[in-house]
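Hi,

Here is the structure I promised to pass on. Have a look at it first, and then read my notes below.

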Amino acid sequence: PRNSPLAPGRISRQGAAMSNQAAIRAGAQAIGAAPARQLFRDICKNLGRVLTIYDLNITTAEARSAIAQRFRNNGHIKDPRIVDVLVAKGYLHLEETLLQHKQKNHLWQLLDNEEGKNFPGAPDDALEKRAQAHIDALLS
């Protein structure tokens, strides 16, 4: 059929998403590669696309360092069963993000750095300022 999304030379939006999901699953089952390292590589490959889709106002390098910090925080876990669960959860988050099942604030929570300081433009900055102004007005 000429109008089929599977016709040669035509790639539908759904077809592109399906091929991307297949690539992610193939990366998750890569033989010979450490699963967590492969997950990090898959996330980094899709990082530019995610930042564009969700219109996040940070650089790719900042996002990559925030994600690397999350991986380092779990670096002490050595039990292979727990590592497998965390890797599966990571691939689930990546797939949901690419399919746009998340909202912008969900990604800000994932990219929030560990020192408690948000990236510029994160929704929490404005909220904290308004809350502090409200508290100051109540106390005066």
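**What I found**

Let's start with the pocket lining: sorted by class, the largest pocket is lined by 17 nonpolar, 7 polar and 2 charged residues. Do keep in mind that this is a predicted model.

The volume of that largest pocket comes to about 800 Å³. Its lining has 26 residues, and Leu-39, Ile-43, Arg-70, Phe-71 and Gly-90 are the closest to the pocket's centre. Four helices each put at least two residues into the lining: α2 (35-53), α3 (60-73), α4 (80-98) and α5 (104-111). The biggest share comes from α4, which gives 8 residues.

Next, α3. This helix is 14 residues long and spans 20 Å from first C-alpha to last, close to the 20 Å expected at 1.5 Å a residue. Ala-63, Ala-66, Ile-67 and Ala-68 are buried in α3, and α2 and α5 are among the elements that cover the buried residues of this helix.

One more residue to look at is Lys-102, which you'll find in the loop between α4 and α5. Is Lys-102 buried or exposed? Lys-102 counts as buried because its relative accessibility is 13%, and the cut-off for buried is under 20%. Its side chain also makes a polar contact with the side chain of His-93, at 2.9 Å. Leaving out residues up to four places away in sequence, Lys-102 touches Tyr-54, His-93, Glu-96, Thr-97, Leu-107 and Leu-110.

Over to you!

Terms used:
Residues numbered from 1 in each chain as written. Predicted model: local features only at pLDDT ≥ 70, side-chain atom pairs only at ≥ 80, totals over all residues. Heavy atoms only, no water. 1 Å grid on protein atoms, 1.4 Å probe; cavity = no way out; pocket = protein on both sides within 12 Å on 5 of 7 lines; lining within 4 Å. Points joined across faces, edges and corners; volume = space filled by probe spheres on them. Nonpolar A, V, L, I, M, F, W, Y, C, P; charged D, E, K, R; others polar. Expected span 1.5 Å × (residues − 1). Buried < 20%, exposed > 50% of the residue type's maximum accessible area, 1.4 Å probe, protein only. Contact = heavy atoms within 4.5 Å. Polar contact = N/O pair within 3.5 Å; in protein donor to acceptor, adjacent residues only side chain to side chain.
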